[in-house]
Every structure is written in structure tokens, then in C-alpha cells.
Amino acid sequence: MIKIKTAFLTVIIALFAVTVSGQAEKFGHVNSQYIIQLMPEYDSISKVIVALDSTYNSQLEILQVEINRKIEAYTQDTMSPDLVKEVKAQEIQELQMRAQAFQQRATEDLQQRPQQLMRPLYTKIIDAINELAEDNDLIYVFDVSQGNPLYVSEKSMDLVPPILEKFNIKADPSMLGGAGAPF
């Protein structure tokens with residue numbers, strides 16, 4: 001009886017080992033930055049950011065011209081009483097503070113705005129990755145654009161081509177080697 005139980009247990013363990021070894025873990029990889037740069041929306045977002053930067057720079061130049069004009073007028077004014085000069089110096093100081101505050105807010109906006117505008121693209125890519133991962137029974141998908149993997153095996157599924165196909169984006173096939181794009 002013990003021999004039958006031992007033999008039965010051995011057969012079950014062997015079958016379980018064969019079943020488990022037959023279900024290899026599957027991994028995938030993607031280069032999200034490469035995909036984003038190929039998306040049509042990326043160009044329009046880049047243009048918005050460049051235009052915003054240009055607008056901010058123009059406004060700063062206008063402020064700086066006004067500050068320079070007031071400084072020049074202040075330094076050339078030798079006839080005004082001290083009280084008038086003091087008021088003018090205060091005006092210059094306030095303008096400089098306004099320009100500095102504007103520059104600080106503009107810098108913050110130029111750092112935050114791309115993230116806000118790119119969020120829908122990232123969501124779109126993540127949704128596509130999740131769908132492909134589920135359809136292909138992948139347990140992990142690594143984003144090689146984040147610089148994590150030092151090696152990508154041929155056994156890892158490259159999700160870049162199917163994502164580009166899903167979004168109907170044409171790309172140079174030579175750029176799709178290895179990890180979705182050169183990294």
C-alpha cells in the first residue's frame with residue numbers, strides 16, 4: 001500500500017513538473033519613447049510647447065526692454081530730487097521682481113505642460129501594452145526606454161511592431177531591431 005501511494009505521488013509530482021515546465025514564463029519589451037515620437041500627436045504637442053516657450057521669451061524680452069529703458073533714464077537723470085529718484089529706483093526694482101517671478105512661473109509651466117499634454121499618449125500606449133500582454137499571456141513587459149534592461153533576449157516579445165500596427169504608424173523596419181528601436 002505504501003509503495004502504491006509513493007508511486008502515485010511520484011507520478012503526480014512528475015506530471016506537475018512536466019506541466020509547469022511546459023508553461024514557460026513569457027516576457028515582453030517595448031520602447032515607449034520611440035513609439036511616442038512616431039505618433040502624429042507628438043508633433044502637434046511639440047509645436048504647442050515651442051510656441052509657448054516663444055511666447056514666454058517674447059514677454060520676458062518686453063519686460064527686459066522696459067527695465068533697461070527705466071535704468072537708462074534713471075542713470076541719465078541728474079536733475080531730479082532724491083525723492084523722485086527713489087521712486088524711480090523702486091519702480092525698477094518692482095519691474096525686476098515681476099520679471100523674475102514671471103520667468104519662474106514660465107519655467108514651471110514649461111516643465112509641467114509637456115507632461116499634461118503627453119499624458120493621453122502615455123495612456124494610449126499603456127492601454128495597448130496591457131491589451132497585447134493579456135492577449136499573449138505575458139507576465140512582465142519592460143520598457144527599454146527607461147534604461148532598465150542591459151540585455152533583451154530574442155525570447156522576449158517585442159511589442160513595438162504590433163503597437164505601431166495598432167496605431168497605424170509606419171516606421172523604418174531597420175529601426176525595429178532588438179528592442180523596438182536602438183537604445
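User: What should I know about the model before we start?
Analyst: It's predicted, so local features need pLDDT of at least 70 and side-chain atom pairs count only at pLDDT 80 or more, while totals for chains, interfaces and linings use all residues. Residues are numbered from 1 along each chain as its sequence is written, and side-chain values use heavy atoms, with hydrogens and water left out.

User: How many helices and strands does the protein chain have?
Analyst: There are 5 helices and 3 strands, running α-β-α-α-α-β-β-α from the N terminus on. Both kinds are DSSP runs numbered from the N terminus: helices are H or I with at least four residues, strands are E with at least two.

User: Why is the pair Phe27 and Tyr140 called stacked?
Analyst: Rings of Phe, Tyr and Trp (its six-membered ring) pair if their centres lie within 6.5 Å; planes under 30 degrees apart count as stacked, over 60 as edge-to-face and the rest as tilted. The centres of Phe27 and Tyr140 are 5.9 Å apart and the planes sit at 5°, so the pair is stacked. Phe27 is in strand E1 (residues 27-30) and Tyr140 in strand E2 (residues 140-143), 113 residues apart.

User: What makes Tyr56 and Phe102 edge-to-face?
Analyst: Their planes are 85° apart, with 5.8 Å centre to centre. Tyr56 belongs to helix H3 (residues 40-76) and Phe102 to helix H4 (residues 82-135).

User: Are Tyr56 and Phe102 buried or exposed?
Analyst: Tyr56 is buried, and Phe102 is too. Buried means under 20% relative accessible area, exposed over 50%, and partly exposed in between (1.4 Å probe, protein chains only).

User: Why is Gln111 called exposed?
Analyst: Its relative accessible area is 53%, so Gln111 falls in the exposed class, over 50%. Gln111 is in helix H4.

User: What else does Lys124 do around a ring?
Analyst: Lys124 lies over the face of Phe167, at 5.0 Å from the ring centre. For a charge to sit over a ring, NZ of Lys or CZ of Arg must be within 6 Å of the ring centre and within 35 degrees of the ring normal. Lys85 likewise has its charged end over the ring of Tyr74, 5.7 Å from its centre.

User: Why is Asp77 called buried?
Analyst: Asp77 has a relative accessible area of 12%, so it is on the buried side of the 20% limit. Its side chain meets that of Lys88 in a salt bridge at 3.2 Å, N to O. Asp77 is in the loop between H3 and H4, and Lys88 is in helix H4.

User: How many salt bridges turn up in the whole structure?
Analyst: The search finds 5. One of them joins Glu131 and Lys166, at 3.2 Å.

Terms used
A salt bridge is a side-chain nitrogen of Lys or Arg within 4 Å of a carboxyl oxygen of Asp or Glu.
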